[in-house]
Each structure stands twice: as structure tokens, then as C-alpha cells.
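These notebook entries record what I looked up in the structure shown below. I began with the boundary between domains and then turned to the core and the charged pairs.

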Amino acid sequence: MCGIVGYVSSNTDAKEILLDSLKRLEYRGYDSAGVALIDGEGRLQVFKKAGSIDSLKETLPEIKAGTGISHTRWATHGVPSDLNAHPHVDCTGKLALVHNGIVENYRALREELEGKGHSFSSKTDSEVIAHLIEEMYSGDLLEAVKGALKRLKGSFAILVLHSDHPGEMVAARQESPLVLGKRFGKIFAASDPTALLAYTEEFIFMDDGQIAHLKGGNITLYDFDLKEVKPNWQRITWSVKDAEKGGFEHFMLKEIYEQPSTIHQCLQGWDEEDLSWLRPRSLTSVNIVACGTSYHAALVGKYVIQAFSGLPTQVETASEYRYSPPTDYSSLHIFISQSGETADTLAALREARKRGNETLAITNVMGSTITREAHHTIYLRAGPEIGVAATKTFTSQIIILYLLALWMGVRRGRILSEEAGRVLSELKKMPRVVERILSREEEVKAIAEGLKGAPSMFYIGRYVNYPSALEGALKMKEISYIHAEGYPAGELKHGPLALLDENLPVVAILTSDHTYEKMLSNVGEVVARNAPVVAITEEGDDEVLKYTEDVLYYPPVMPILSPVPIAIYTQLLAYWTAKFRGCPIDKPRNLAKSVTVE
Ligand code: F6R
């Protein structure tokens with residue numbers, strides 16, 4: 001996830017407008033930033049830098065320009081560095097481009113363009129677009145962009161400038177957001193309207209497959225074949241303050257709502273070439289090490305890796321890892337950390353390396369310490385997570401674990417590639433499934449209102465949803481301050497049942513698989529002690545209504561994939577309970593986003 005802004009005017013304030021608007025998109029990424037301007041003499045000037053927008057600002061000279069583009073980056077291909085920062089330029093230095101998205105076929109395109117003599121200065125997927133447009137360019141920028149788009153696979157929102165065409169810009173969108181705005185002859189483009197609220201209230205939300213030509217105070221909209229399309233102008237009256245959180249009251253809620261797109265992005269960014277070093281047939285086992293929410297994702301991973309690849313899998317809390325005996329060298333060690341900076345996880349990683357194990361990091365943050373210390377890294381591509389409670393990165397972590405388990409399973413001959421393909425196509429439906437759950441937020445809210453006075457809660461689940469119970473309870477306790485415990489449902493009768501009464505709500509997670517009957521009996525045990533039950537179960541489950549009216553239904557999914565939709569419900573439940581209790585949701589007391597002490 002990155003943020004982009006464009007501006008076309010006959011004024012000389014492009015630098016100030018671009019930096020101010022970009023600052024409002026900093027939540028989309030903040031590891032590097034850049035700006036390209038066409039100055040008064042018609043020259044293209046590019047300034048870019050690893051680090052924050054503020055630090056870029058300090059280095060910029062006085063420059064009067066009417067047209068420009070800017071970018072704030074969240075690295076997905078190529079570490080954060082000056083060279084990898086956007087805008088990217090072509091070989092002539094006349095064309096500049098900013099990009100948000102992922103070019104899936106960038107390796108093949110780069111090879112082809114290098115073969116034709118193009119010289120690249122970054123390691124990004126985005127730079128290929130600049131050279132591709134250069135390759136197609138023969139005086140008409142719009143035609144050149146159109147030609148280049150036909151060759152791209154993946155997602156993109158791009159803004160393109162060319163010094164032969166001062167006062168012009170071309171914008172295009174495919175699966176990454178892009179809005180256009182206009183006021184008093186000035187034209188704006190940005191990743192979301194919040195960047196531009198200080199300047200305009202009138203927006204065109206570009207659709208997938210559209211190109212826009214911004215010139216002479218006008219916007220002309222086309223499809224990818226340059227057939228003109230009628231723009232649909234919309235008015236947005238959010239305040240600039242709302243804007244930082246995209247109109248949501250808290251980053252946590254915004255991040256919960258981002259999950260259809262972060263899951264999509266995670267699936268899209270999966271690249272088997274990143275695993276070319278891994279020999280699944282030579283592995284004897286897998287060890288996964290993590291903390292907190294990442295540990296819960298690891299527990300889901302354990303069931304999934306065992307189910308798909310047959311590899312015995314152990315999960316260890318990072319702070320306990322050093323106390324366990326060394327494993328043999330043919331065990332793959334996976335370290336999961338959203339931030340890539342968690343001290344306990346890094347200490348465990350260092351210990352594993354000392355013991356001679358091959359290590360794989362799964363993280364969200366490019367350039368983080370874990371990526372420098374592990375032998376190999378896979379990225380979540382979820383964009384910055386600002387709320388202290390992890391939400392969107394949890395679902396991305398488990399998506400990566402599904403993909404990894406399937407990949408290993410096929411190579412180990414444990415599942416047929418047709419079967420893996422079937423699971424994969426079910427995974428690809430997840431963004432839609434999550435959207436349907438988000439559309440039921442009101443039902444969650446009603447249930448959360450009933451929970452707000454609870455002194456304590458239990459979450460119960462079995463098999464792949466035992467970790468869902470742990471994660472649900474963690475979300476609830478950290479942001480609502482209600483004491484909550486997750487249990488394997490079968491464990492209640494071994495002690496915790498003693499605590500149940502009408503004041504202790506139990507969230508029961510049911511799945512339509514071999515665990516269903518046993519879970520239903522456990523729900524019966526809870527109800528028999530007068531404890532209120534909130535059930536999360538699959539659509540069509542009427543049996544559970546015999547025990548409780550508080551039921552949250554998720555759309556039918558392959559049972560092993562159910563932790564994804566269930567996580568959305570438990571996140572929303574925690575969010576709304578905390579909200580009703582008036583808690584400081586994005587910054588719970590005593591907690592930090594990145595825990596850099598052991
Ligand atoms: C809970 C939460 C924490 C983190 C944990 C590990 O919502 O966010 O439990 O999961 O501190 O952090 P990372 O994944 O950055 O290593």
C-alpha cells in the first residue's frame with residue numbers, strides 16, 4: 001500500500017500542494033517519499049528519499065511549478081531506499097511516474113526491457129511501467145500509457161508526467177484506488193479523497209479499467225481502449241480531521257474494513273519464486289515462533305501445514321523458544337512478526353540461527369530488522385497497521401500460511417495440484433466473504449452492547465478455530481479491558497466450567513466440520529450453567545438457535561479456511577464492546593505497537 005497525489009494547474013504552488021496532500025496519506029505508507037515537478041522552464045525535477053515526508057520536505061529547494069506528482073511508499077518490492085523511492089523516471093529523464101499496487105509480471109517485463117537497452121536504477125516492480133511507457137512513446141503520452149497498460153498484469157494506480165507535455169498528466173486505475181478532483185481550473189488526483197479535502201469536495205472515483213487525461217483545467221475519462229467515458233462526479237463533505245482515518249473513528253476500524261483489499265493484495269503478491277530456495281521434500285518438520293496475535297496466526301498455521309503438507313509442526317511462543325531443545329537441521333523455522341521488530345521474536349530468530357537452522361520470516365514491514373536477520377522473507381503487503389491491536393495483518397498472516405502449506409503439500413506429494421487449486425480458488429473468494437461479514441456490523445454492534453458490562457468472558461473453539469478463540473479473547477481483553485480467556489472447547493469441563501454463571505458470557509465458535517457435534521455439546525454444557533452464549537457459526541446452522549439467539553453467521557466456506565471470516569467477527573465484537581465502554585481503542589493502556597524489549 002502506498003499513497004499517490006497529482007496536481008495540474010497554471011499556478012506555481014505544486015510543490016506545497018503535493019506535499020501537504022501527501023502528508024494526509026502518510027497512513028498508507030511512510031518508509032520513503034518523493035515528488036516530481038515540471039518547473040517554470042519545462043524541466044522535470046525529481047526529489048526522493050528514504051524516510052518520512054517531513055524529512056523529504058527539509059531537503060527540497062525553492063521551486064515554482066504548476067504540475068507535479070508525489071508518492072509516499074510502503075515497500076513491497078525493493079527495500080526502502082532513496083533509489084527505490086518513487087517517482088521513477090525513464091531513460092530519457094523526461095518521464096516520471098508514481099505507482100500504487102503490484103505489477104505481477106514485472107520480472108518478465110524488466111528482462112524484456114533490459115534486452116532492448118533500458119537501464120533500471122531501482123529494484124521496484126513500478127519502474128518497469130516508466131520504461132514500458134517510454135518504449136511505447138512517440139509523441140503522444142496518452143497513447144503511450146494506453147499501450148503500456150495492455151502489457152501489465154496486477155494492480156495499479158498510476159500518475160504519469162512528461163516534460164514534453166508540461167501542464168498535462170495521465171492517470172490510470174486497475175484494482176488500486178484513485179480519485180480525481182477539480183476546483184477553479186486546478187486538477188487533483190490522489191489515492192483517496194481524504195488527501196484532497198482541503199482543496200475540493202467534488203470527486204470522480206475512477207473505476208477499474210479507466211484512464212484519465214488531465215489537461216487545461218479539464219479531466220477527460222476513457223476506458224483502456226481510449227473510448228470516452230462519462231464521469232460520475234460525487235460530493236464528499238468529510239472534515240479534514242476525519243480524513244486521517246479515512247472517515248473512520250479509529251484506525252482499528254479502518255484497518256478491519258481494509259481486509260477485503262489487504263487479503264486480495266496478499267494473495268496477489270504471493271510469488272512462488274520467493275520460495276525457490278525451499279526443498280519441502282527434504283524437510284522433516286516445521287517450527288513456528290511468534291508472539292501475541294502473530295503466535296495465534298502461527299497456531300492456525302500448525303493445523304494447516306499439517307493438514308496440507310503432512311509435516312509435523314510445532315509452535316513456540318518466542319520468549320520461551322530458547323528454553324526448548326535444538327531441533328534437527330532439516331526443520332524449517334518460521335518467524336512471524338507484523339512489525340519485524342519484536343525483541344522476543346528477534347532473540348528467538350538469533351538463537352535458531354546460532355543452532356544452525358534455516359529461517360524464514362513472515363512480516364509486514366520491509367527493511368525491518370527481521371528481514372535483515374532471517375535467511376528468507378515473505379511479506380504480508382497489508383500496508384501500515386497503526387491501531388495497536390493487530391487486525392488486517394492477522395488475516396494476511398494466515399493467508400500466507402495457507403499458501404505456504406499448499407505449496408509445500410503439492411511439492412511433497414501430499415495433495416494433488418487440482419486439490420490445491422480448489423483450495424486456492426476458495427481463498428480467492430475471501431475478500432467477498434469478508435465484505436459480507438462487514439455488511440453485518442449492526443448485528444455485531446447489538447451483541448456487543450449486551451457484552452459491555454461483562455466482568456469476564458470465555459471464547460471456545462476446536463481444531464483450527466481453537467486459535468480463533470485465543471485471538472478473539474486477546475482482542476477483547478486488550479482493547480475493552482474485559483478479562484477474556486480462550487480455551488479449546490473440550491477443556492472447559494477440566495476446570496474453567498466452575499466459573500460459569502449468568503454473568504460470564506461465552507463466545508462459541510462453530511464450524512461445519514468433524515468438530516461441529518462436539519462443539520454443540522460444549523455449547524449445551526455452557527447453557528446448562530446459565531452462561532449467555534454468543535455463537536459464531538456458518539449460515540444454515542439452525543441447531544445452535546436451540547441454545548442462543550445471539551448468533552453471528554458467516555457465509556459457507558471450506559471449514560479449514562473459516563478462521564478468516566471468524567477473525568473479522570471477533571475483531572468487530574472487540575471493537576464495538578470497547579467502543580461502548582469508552583476505551584481508547586487505538587492506544588490501549590500499557591501496550592505498544594512494536595514491543596522492542598524482551
Ligand atoms: C495484539 C498484538 C500483539 C502483537 C505482538 C507481536 O493485537 O498486536 O499481541 O501481535 O506484540 O507483534 P509482532 O507481530 O509485530 O511481532
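**Entry 1: the boundary between domain 2 and domain 3**

Between domain 2 and domain 3 I found ten residue pairs in polar contact, both residues at pLDDT 80 or more; a polar contact is a pair of N or O atoms within 3.5 Å, where within protein one must be able to donate a hydrogen and the other to accept it, and residues adjacent in sequence count only if both atoms are side-chain atoms. On the domain 2 side that touches domain 3, α7 (251–257), α8 (259–269), α9 (292–309), α12 and α13 (417–428) each supply at least two residues. Helix α9 gives the most to that side, with nine residues. Helices (H or I, at least four residues) and strands (E, at least two) are DSSP runs, numbered from the N terminus.

I noted the basis of the work: this is a predicted model, in which local features need pLDDT of at least 70 and side-chain atom pairs count only at pLDDT 80 or more, while totals for chains, interfaces and linings use all residues. Residues are numbered from 1 along each chain as its sequence is written, and side-chain values use heavy atoms, with hydrogens and water left out.

I then looked up the domain bounds, which come from an automatic or database domain assignment: domain 1 (3–242), domain 2 (245–428) and domain 3 (439–584). The C-alpha centres of domain 2 and domain 3 are 25 Å apart. I recorded 29 residues of domain 2 in contact (heavy atoms within 4.5 Å) with 22 residues of domain 3.

The area buried between these two domains is about 2,300 Å², and carbon and sulfur atoms give 73% of it. Buried area is the accessible area (1.4 Å probe) that two parts lose on being put together, summed over both. M252, H296 and Y303 supply 23% of the area that domain 2 buries against domain 3, more than any other three residues.

I counted one salt bridge between domain 2 and domain 3; the term means a side-chain nitrogen of Lys or Arg within 4 Å of a carboxyl oxygen of Asp or Glu. The side chains of E249 and K579 form a salt bridge at 3.0 Å, N to O.

**Entry 2: the nonpolar core**

Which residues touch the most other members of the largest nonpolar core? They are I334 and M408, in a core of 92 residues. Such a core is a set of buried Ala, Val, Leu, Ile, Met, Phe, Trp, Tyr and Cys residues joined through side-chain atoms within 4.5 Å. Helix α12 (residues 392–411) contributes twelve residues, the most to this core. Domain 2 and domain 3 both give residues to the core, so it lies between them. Leaving out residues up to four places away in sequence, I334 touches V286, N287, I288, V289, I305, L360, I362 and L404.

**Entry 3: charged pairs**

I counted 34 salt bridges in the structure. In helix α16 (residues 466–480), K475 and E478 are three residues apart, about one turn of the helix, and their side chains meet in a salt bridge of 3.4 Å, N to O. Both K475 and E478 are buried, which is to say under 20% relative accessible area, with exposed being over 50% and partly exposed in between (1.4 Å probe, protein chains only).

E41 and R43 also pair, with their closest N and O atoms 3.0 Å apart. At 64% relative accessibility E41 is exposed, whereas R43, at 45%, is partly exposed. I also noted a network of salt bridges linking R107, D271, E273 and D274.
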